[in-house]
Amino acid sequence: HAALEELGRDAGMRDCTDAGVLREFLLAGFERALRVRFGVSLPLPLVVQAESARQRLGKVAVVQARERADGWRIERIESAFTLELGGLIVRGRIDRIDRHEATGAWRVLDYKTSDTAVPPSRSHLRPFRPADAGVPAWRRVLVDGRECVWADLQLPVYLRALGQQLAGIPSITGGYFNLPKAAGETGLALWPELSGELL
């Protein structure tokens, strides 16, 4: 997260479309954060984890270069929000907010470091089970003709918060920037269906 946050704060890197330059920047930020947190002598498990992180960040550089070349620009990182929902005050931070220069569309991205890449729809919704008969009505939703239950509300809350901050924008999409163990699977997993009635 520290290296990705540095990327989002550096104006030159936000506009960079050179994967090699981005990779070097991310790796330098990672090495600094690693030394600050753990020192220079790492135990073997951390050496292995650090190498995995380097591979993931190398792939992030490729994805970031492509996304920037396609017109997406990082607009905000670690963006704080406060939102009232049903009488509850919800506070949080959105990892990253991008805007497309040509279309004016916005997207919210949450960085997900995990064993495997997971689509946001699968982490937010799960199939309805008989044990769910007592869940409140707001947690139940029909998706493609099958009943599901909300298991997580992270992205819907982020989209609602950004929508209130940027009234009148043409569209907002949410998703994950997945950084799984298999570095080759690093990439964006967007959830364009999270809109309208579902949202």
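Trainee: Which residue forms a salt bridge with Asp 110, and how far apart are the closest N and O atoms?

Mentor: As a general idea, side chains of opposite charge can pair when their charged atoms come close. In this structure, which is a predicted model, Asp 110 forms a salt bridge with Lys 112, and the closest N and O atoms of the pair are 2.9 Å apart.

Trainee: Is Asp 110 buried or exposed?

Mentor: Asp 110 counts as buried, because its relative accessibility is 4% and the word applies under 20%. Lys 112, with a relative accessible area of 25%, is partly exposed.

Trainee: What does the salt bridge between Asp 15 and Arg 73 tie together?

Mentor: The closest N and O atoms of Asp 15 and Arg 73 are 2.8 Å apart. Asp 15 lies in the loop between helix H2 (11-14) and helix H3 (19-38), whereas Arg 73 belongs to strand E1, so the pair ties together parts that are 58 residues apart in sequence. With regard to accessibility, Asp 15 is partly exposed at a relative accessible area of 37%, while Arg 73 is buried at 16%.

Trainee: And which strands hold Glu 75 and Arg 99?

Mentor: The side chains of Glu 75 and Arg 99 meet in a salt bridge at 3.2 Å, N to O. Glu 75 lies in strand E1 and Arg 99 in strand E2, so this pair ties together parts that are 24 residues apart in sequence. Glu 75 counts as partly exposed at 29% relative accessibility, and Arg 99 is partly exposed as well, with a relative accessible area of 24%.

Trainee: Let us turn to the sheet. In what order do the five strands lie?

Mentor: Strands of a sheet pair through backbone hydrogen bonds, either parallel or antiparallel. Here the five strands form an open sheet in the order E1-E2-E3-E7-E8, with mixed pairing. Strand E1 (72-85) and strand E8 (187-191) stand at the edges, each with a single partner strand, so one side of each is left without a neighbour in the sheet. On average, neighbouring strands of this sheet are turned by 40° against each other, direction ignored.

Trainee: How many bridges join strand E3 to strand E7, and in which sense do the two run, parallel or antiparallel?

Mentor: Strand E3 (residues 106-114) and strand E7 (residues 172-180) run parallel and are joined by nine bridges. This brings us back to Asp 110, whose bridge partner in E7 is Tyr 176.

Trainee: In which sense do E1 and E2 pair, parallel or antiparallel?

Mentor: E1 and E2 pair in the antiparallel sense, over 12 bridges, and in E2 the bridge partner of Phe 81 is Gly 92. The hairpin of these two strands has two residues between them, and there Gly 86 takes a positive phi near 55°.

Trainee: Which strands does helix H1 lie across?

Mentor: Helix H1 (residues 2-9) lies across E1, E3 and E7, and runs at about 110° to E1. H4 lies across E1, strand E2 (88-100), E3, E7 and E8, running at about 150° to E7.

Trainee: Which residues make the nonpolar surface patch of about 280 Å²?

Mentor: That patch is made by Leu 44, Val 47 and Val 48. Leu 44 is found in helix H4 (residues 44-69), and Leu 44 is exposed because its relative accessible area of 62% lies over the 50% required for that word.

Trainee: Finally, how should I describe the chain as a whole, and how many helices and strands are there?

Mentor: The protein chain has six helices and eight strands, which follow the pattern α-α-α-α-β-β-β-α-β-β-β-α-β-β when read along the sequence. The C-alpha trace spans about 55 × 40 × 30 Å along its principal axes, and of the 199 residues, 42% count as buried. Among contacts between residues at least 6 apart in sequence, 61% join residues at least 24 apart. The protein chain exposes about 10600 Å², of which carbon and sulfur atoms supply 54%.

Note on methods:
Residues are numbered from 1 along each chain as its sequence is written. This is a predicted model: local features need pLDDT of at least 70, side-chain atom pairs count only at pLDDT 80 or more; totals for chains, interfaces and linings use all residues. Side-chain values use heavy atoms; hydrogens and water are left out. Patches are made of residues with over 30% relative accessible area and no salt bridge: like charges are joined within 9 Å, nonpolar side chains (Val, Leu, Ile, Met, Phe, Trp, Tyr) within 5 Å. Accessible areas come from the Shrake-Rupley method with a 1.4 Å probe; for residues, only the protein chains shown count as cover. A salt bridge is a side-chain nitrogen of Lys or Arg within 4 Å of a carboxyl oxygen of Asp or Glu. Helices (H or I, at least four residues) and strands (E, at least two) are DSSP runs, numbered from the N terminus. Buried means under 20% relative accessible area, exposed over 50%, partly exposed in between (1.4 Å probe, protein chains only). Two strands pair if DSSP finds at least two bridges between them. Axes are lines fitted to C-alpha atoms, for helices over the stretch in contact, and angles run from 0 to 180 degrees between N-to-C directions. Contact means heavy atoms within 4.5 Å.
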